[in-house]
Amino acid sequence: MASLSIEKVHKRYPNGADVLKGVDIDIDDGEFLILVGGSGCGKSTLLNMIAGLDSVSEGEIRIGGRRVNELSPKDRDIAMVFQSYALYPSMSVRDNISFGLNIRKVAKDEQKKIVDRVSETLQIGHLLDRKPGQLSGGQRQRVAMGRALARDPSLFLFDEPLSNLDAKLRIEMRSEIKLMHQRLNSTIVYVTHDQIEAMTLGDRIAVMKDGVVQQFGPPQEIYDTPANLFVAGFIGAPPMNFIAGKLVAKGAGVGIEIDTGVARGVLALPSDALGGRVGQEVIVGIRPERITDARSAHGESRALSQTFDVRVDVVEPTGPDTLVFASVNGRRIVSRVHPASSPQPETNMELVFDVSKAVVFDPATELRIA
């Protein structure tokens, strides 16, 4: 395996389009990096540049300390798993996995050992004599992963490999990929638009927008302390609630004025960084699990919790909890409540607002106020 360093990388096309704008990312040997963002953010372009399928306009990419800007894909010691599987339909699973080994003229007995080892790791040994057309989507993706594993590369590149699978298979394959990483301690770069995949798979996440890395760090750090409004709204399902309002003095601290439609009041906030901003407009971000009913409220943070009546707009049962939608300061918010507390739409309900993990943003710059 190998480390990966991306330093001040730009990608410009002849028509003047600047797709990547100075990307800086470093991961160590054995780390799992997620590139996540919406369509057009540049994540797939960056992956293609790491693979050597697209050129670097400016900056440097190093794999295992070696500059690879001018190297062809075959000389970079990488293996890529695509969204479309890219299997040869006329070949058996065994032949698909060993295809690259044949090209490299690996001895037949060694090929058999490698295929047996890979198929055992991915639990596809019973499928080796089948053709891709006889496999399910999840099995085909395992074969594609097996072909990459057989090469024993320095770096694995995954390009949205689960996008074509149904919800159940996506969950299963997420576990397979994570298990593979744990067993092999492999270095992986994984592109996805799915923030659940990003949170569950990655050691570190690079959240991208418009060719710029908005935030780079461990999943929990990005979830708890997003750098700006985009990251806060993109990471998390359901996404973070944003409540805009004016900061006012509340006792010895500060708070934000809120109006739920059935109640008005001041939601007190941790004031460490906000004391000098009384009278200014801010945006307060609170995760849905921190707005809940009394029975689900976090006991350890009740000192930083307040209760407000709201008017319920929509109720969405999910099984383990229920999503309740209401309005605060004219904007829709979502809360997670205990299923037994599920209210009816168009009724009033008491919600507990826990601000112990609230984050505050400057509406002008959209950056988090540290």
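I looked up E366 and found 40% relative accessibility, so E366 counts as partly exposed (buried is under 20% relative accessible area, exposed over 50%, partly exposed in between, with a 1.4 Å probe and protein chains only). E366 lies in the segment after β21 (359-361); helices (H or I, at least four residues) and strands (E, at least two) are DSSP runs, numbered from the N terminus. Phi of E366 is positive, near 65°, and the residue is not a glycine.

I note for the record that this is a predicted model, in which local features need pLDDT of at least 70 and side-chain atom pairs count only at pLDDT 80 or more, while totals for chains, interfaces and linings use all residues. Residues are numbered from 1 along each chain as its sequence is written, and side-chain values use heavy atoms, with hydrogens and water left out.

I then checked D210, also not a glycine, and read a positive phi of about 50°. D210 sits in the loop between β9 and β10 (212-217). With 47% relative accessibility, D210 counts as partly exposed. Most residues other than glycine have a negative phi, and most peptide bonds are trans. I found a cis peptide bond from A237 to P238, with omega near -5°. P238 belongs to the loop between α8 (229-234) and β11 (241-250).

**Hairpin**

I traced strand β18 (residues 322-328) against strand β19 (residues 331-337): they run antiparallel and are joined by seven bridges (two strands pair if DSSP finds at least two bridges between them). V328 has R331 in β19 as its bridge partner. Two residues lie between the strands of this hairpin, and N329 takes a positive phi near 55°.

**Strand β3**

Is β3 buried or exposed? I found five of the five residues of β3 (residues 32-36) buried, so the strand is largely enclosed by the rest of the structure. F32, I34 and V36 point one way, and L33 and L35 the other way. In a regular strand the side chains alternate between the two faces of the sheet. β3 pairs in the parallel sense with strand β8 (residues 188-192) over five bridges, and V36 has T192 as its partner there. β3 also pairs in the parallel sense with strand β9 (residues 204-209), over four bridges; I34 is partnered by I205.

**Cores**

I listed the nonpolar cores (sets of buried Ala, Val, Leu, Ile, Met, Phe, Trp, Tyr and Cys residues joined through side-chain atoms within 4.5 Å). The largest has 43 residues, and I97, F158 and Y190 have the most contacts inside it. Helix α4 (residues 137-150) gives this core its largest share, six residues. Another core, apart from it, has 28 residues, including C41, I50, V56 and I63. Leaving out residues up to four places away in sequence, I found Y190 touching, among others, F32, L33, I34, L35 and F158 (contact means heavy atoms within 4.5 Å).

**Largest pocket**

I asked which residues lie nearest the centre of the largest pocket. They are I78, A79, M80, G100 and R151, out of 20 lining residues. A pocket is an open set of points on a 1 Å grid over the protein atoms alone, where a 1.4 Å probe fits, with protein on both sides within 12 Å along at least five of seven lines; lining residues have an atom within 4 Å of a point. α2 (93-103) is one of the elements that give two or more residues to the lining, and its five residues are the largest share.
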